[in-house]
Amino acid sequence: MHIPDGFIPLWQCAIYYVILIIALYFATKWAKNNLDEKRIPLMAVLAAGIFAIMSMNMPIPFGTSGHMVGGTLIAIVFMAPEACVLVFFIVLLIQALLFGDGGITTLGANVLNMGIIGGCVGLYTFKGLKNFIGKYPAIGVGAWLATFIAAEACAVEMAIAGTFPLDIGLASMGLYHAFIGIIEAVLTIIVIYVLEKYRPDLLVWNKKDTGV
């Protein structure tokens with residue numbers, strides 16, 4: 001799902017960078033009001049885990065890649081898509097600079113797909129379904145859908161750039177990430193279950209005002 005440099009024209013990259021800058025503005029405001037000495041280390045640990053799972057890439061035709069994302073995990077643990085923006089900005093920047101995974105010109109697009117879209121889809125799917133199918137099934141559905149939708153968004157962006165046809169991109173990215181999303185759903189449920197069992201104080205949803 002990492003889009004490399006050169007796969008999107010600079011005018012298109014600029015649009016995604018504008019979105020990234022706006023998202024970072026709101027994310028930093030959220031961090032000032034919500035992160036404390038207990039949750040900053042948790043975010044760092046989760047960011048390291050995200051880095052690891054995204055490094056396990058599966059090649060996909062036309063130059064991009066398939067992998068787990070982790071946006072739903074971050075968004076639900078902190079009950080905020082802003083947390084995803086911060087984590088994915090840092091992780092994707094490091095991956096692009098040090099490991100050549102993704103690109104600097106495409107950083108805005110990659111954060112948009114994995115952090116903003118992935119985080120929002122996962123969190124709000126969870127919020128919308130938890131009262132109907134239960135908390136943990138809703139987490140699984142949110143994690144799967146976030147992975148799938150983020151991958152399809154990547155395919156649309158590449159099609160707009162003329163990198164590959166829309167139908168082939170949607171099919172390739174969707175098929176791979178439909179299966180990857182199942183693994184991500186299971187891992188997301190496991191991690192949140194363990195946190196709730198052993199460190200419930202770290203989950204923001206245990207505050208009364210979350211409604212969870």
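Axes here are lines fitted to C-alpha atoms, for helices over the stretch in contact, and the angle between two of them follows their N-to-C directions and can run from 0 to 180 degrees. With that in hand, welcome to this structure, which is a predicted model.

**Two helices side by side**

Two packed helices are described by the angle between their axes and the distance between the axes. Helix H6 covers residues 135-160 and helix H7 covers residues 166-198; their axes come within 7 Å and cross at roughly 150°. Because angles over 145 degrees count as roughly antiparallel, H6 is roughly antiparallel to H7. The crossing of H6 and H7 is right-handed. As for the residues of this contact, 20 are nonpolar, 7 are polar and 4 are charged.

Between H6 and H7 there is a loop, and Thr-163 lies in it. Thr-163 is partly exposed, with a relative accessible area of 26%. If you look for Val-45 from there, you will find it 35 Å away, C-alpha to C-alpha, with 118 residues separating Thr-163 and Val-45 in sequence.

**Rings that meet**

Now to the aromatic side chains. Counting rings of Phe, Tyr and Trp whose centres lie within 6.5 Å, the model has 6 aromatic pairs. Two of the pairs are set out here.

| Pair | Centre to centre | Angle between planes | Arrangement |
|---|---|---|---|
| Phe-51 and Phe-99 | 5.5 Å | 65° | edge-to-face |
| Phe-126 and Trp-205 | 5.8 Å | 25° | stacked |

The pair of Phe-51 and Phe-99 links distant parts of the chain: Phe-51 belongs to helix H2 (residues 39-54) and Phe-99 to helix H4 (residues 81-99), 48 residues apart. Phe-51 is partly exposed, with a relative accessible area of 22%, while Phe-99 is exposed, at 56%.

Why is the pair of Phe-126 and Trp-205 called stacked? Their planes stand at 25°, and planes under 30 degrees apart count as stacked. This pair also links distant parts of the chain, since Phe-126 is in helix H5 (residues 107-133) and Trp-205 is in the segment after H7, 79 residues apart. Are Phe-126 and Trp-205 buried or exposed? Both are buried.

**A charge over a ring**

One more ring is worth a visit. The charged end of Lys-197 sits over the ring of Tyr-198, at 5.8 Å from the ring centre.

Methods: Residues are numbered from 1 along each chain as its sequence is written. This is a predicted model: local features need pLDDT of at least 70, side-chain atom pairs count only at pLDDT 80 or more; totals for chains, interfaces and linings use all residues. Side-chain values use heavy atoms; hydrogens and water are left out. Helices (H or I, at least four residues) and strands (E, at least two) are DSSP runs, numbered from the N terminus. Angles under 35 degrees count as roughly parallel, over 145 as roughly antiparallel, 65 to 115 as roughly perpendicular and the rest as oblique. A crossing is left-handed if the near helix is turned anticlockwise from the far one by less than a right angle, and right-handed if clockwise. Ala, Val, Leu, Ile, Met, Phe, Trp, Tyr, Cys and Pro count as nonpolar, Asp, Glu, Lys and Arg as charged, and the others, Gly among them, as polar. Rings of Phe, Tyr and Trp (its six-membered ring) pair if their centres lie within 6.5 Å; planes under 30 degrees apart count as stacked, over 60 as edge-to-face and the rest as tilted. Buried means under 20% relative accessible area, exposed over 50%, partly exposed in between (1.4 Å probe, protein chains only). A charge sits over a ring if NZ of Lys or CZ of Arg is within 6 Å of the ring centre and within 35 degrees of the ring normal.
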